[in-house]
Amino acid sequence: MHYSDLDSINGRIFNRTEVSLGEAELREVEACYRFLEDFEQGKVIYGINTGFGPMAQYRIGDADLNSLQYNIIRSHSCGAGETLPDICVRAAMLARLQTFLNAKSGVHPDVVRILADFLNNEIYPLVPRHGSVGASGDLVQLAHIALALIGESEVSFRGEVVPAAEAMKACGITPLRLRIRDGLALTNGTAVMTGIGMVNLAQARRLLDWAVKASVMLNEVVESYDDFMAEPLNACKLHAGQIEIARRMREICASSRRLRKRETELYSGDTGEAPTFKHKVQPYYSLRCTPQILGPVLETLEQAEKILVEEFNSVDDNPVVDPKTGTIYHGGNFHGDYVSLEMDKLKIAVTKMTMLAERQLNYLFHDRINETLPPFVNLGKLGLNYGLQAAQFTATSTTAESQTLSNPMYVHSIPNNNDNQDIVSMGTNAAMLTRQVIENGYQVLAIEMLALVQAADYLECAAELSAQTRQLYDDIRRIVPKFIDDTPKYREIAAIENFLKQQA
């Protein structure tokens, strides 16, 4: 099966849809394995009867061929750092399974069966964050997954960390017995960076939806003129992302009673002779330029989805076993440059989205700029109470961290592996940094949401908001009631962040 879009993959990742293996798929995997079994006789094939990497020049004797497959897993299980979240490991295992189901890897059918069993029983190997340079695939991190499949490491199972063998026994799974090239196939691919990338994409897409809604609500709260999101205006720019963001904003605010009409107030000829206008003729850029700022973010997400879905469906092995052409190809399909570049682009886009939220927050907090709200949307006694003054420190420092993390990994190649891997992708590092940038974005958006509802209560305008932004107001207020007195807000910020991550 090939997946056409991110949503079809996300069902397997987030909804934990059961992984079922079709008989036709298993027959193809079996046929590829049997082809390799016949083809390799009397030939020199990398990783089957040679060493790995720069050790490929050493031929391995028949007596040691089986040990070779175990050795690559055991020797490469040397990652470090905190373990990846279960959801990322699940996504990585699904990506590896998808490669094997293409029937170009020469693995024994038991490999795909046990991967499916792990996924369906929610057994997730402990995989350290650090270890991959993203070139010969995610060797180290995939080795940690493979180590669990052969029953020799630890896994996350039913909320606990237990020995893999114990979890497998509880589920009636026999540890994998490695054949001809199973060890190499399990460790040699882009599945970890691809899996993390898939999770990143889903979370970034949701974050963008919230950023659009927050931008509409902010413009409502301060009663902006609505023509900045007009269809004729945005159609002039020709960029599909900008046009779509403007359309979404118009859809969200369709029932609003807060936005002003320029044609009514400024084009009517009834503005008098006043030398200055009390209401801003044009809002600040962080309000007015939302379609132009978030449009490129949307298009970056769409391009990343295209590449990640292609990568997920691809054969990222080396060598590639091809029964149809009757040969085995040696190449570099394990190289992660496609994923690395898209993750770098995605984290830059998410950082810009976070910067927009931080600037919108500053607009709400800065009374001399908005000329409407008290400093820091402080509903208490100025000087005695502080509102969300300190929350801005958190938003600013978090945004600054994302700006630094947005430096690209794609161009940070460091030769290693005795210079066999003389140019590498660093794709998994890029995916992990992107994950942190997205996490930071949710934190800043959570603080902005809190400020928006405080501002709406100060102006007593919640009833005039659009249906969608009023729903957002109600949702946030269920988490954090209106407050005047100073109280710790870290729990509420965390609760809003969790709400934003969980709700569509």
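Modeller: This is a predicted model. Ask away.

Biologist: How many helices and strands does the protein have?

Modeller: The model is predicted, and the elements are read from it. The C-alpha atoms fill a box of roughly 95 × 50 × 45 Å along the principal axes. Within the protein there are 20 helices and 7 strands.

Biologist: What percentage of the 504 residues is buried?

Modeller: A residue counts as buried under 20% relative accessible area. The accessible surface of the protein is about 21800 Å², and carbon and sulfur atoms account for 51% of it. Of the 504 residues, the buried share is 55%.

Biologist: Strand 4 and strand 5 pair over 4 bridges; in which sense?

Modeller: Strand 4 covers residues 154–157 and strand 5 covers residues 160–163. V155 faces V162 of strand 5 across the pair. The 4 bridges between the strands run in the antiparallel sense.

Biologist: Which residue in the hairpin of strand 4 and strand 5 takes a positive phi?

Modeller: The hairpin has 2 residues between its strands. A phi near 55° is found there, and the residue with that value is R158.

Biologist: How many salt bridges does the structure hold?

Modeller: Side chains of opposite charge can pair when their charged atoms come close. The protein has 48 positive and 63 negative side chains, with the centres of the two sets 3 Å apart. The number of salt bridges is 32.

Biologist: R96 forms a salt bridge with which residue?

Modeller: The closest N and O atoms of the pair are 3.0 Å apart. The partner of R96 is D317.

Biologist: How many residues apart in sequence are the parts that R96 and D317 tie together?

Modeller: R96 forms a salt bridge with D317. R96 sits in helix 4 (residues 86–101), while D317 sits in the loop between helix 14 (290–313) and strand 6 (320–322), so the parts they tie together are separated in sequence by 221 residues.

Biologist: Which residues are linked in a network of salt bridges with D209?

Modeller: E244 and R248 lie 4 residues apart in helix 11 (residues 240–252), and their side chains meet at 2.9 Å, N to O. R247 and E251 are also 4 residues apart in helix 11, with a salt bridge at 3.2 Å. R247 is partly exposed at 33%, as is E251 at 48%. The residues linked with D209 are E244, R247, R248 and E251.

Key: Residues are numbered from 1 along each chain as its sequence is written. This is a predicted model: local features need pLDDT of at least 70, side-chain atom pairs count only at pLDDT 80 or more; totals for chains, interfaces and linings use all residues. Side-chain values use heavy atoms; hydrogens and water are left out. Buried means under 20% relative accessible area, exposed over 50%, partly exposed in between (1.4 Å probe, protein chains only). Accessible areas come from the Shrake-Rupley method with a 1.4 Å probe; for residues, only the protein chains shown count as cover. Lys and Arg count as positive and Asp and Glu as negative; His and the chain ends are not counted. The place of a charge is taken as NZ of Lys, CZ of Arg, CG of Asp or CD of Glu. Two strands pair if DSSP finds at least two bridges between them. A salt bridge is a side-chain nitrogen of Lys or Arg within 4 Å of a carboxyl oxygen of Asp or Glu.
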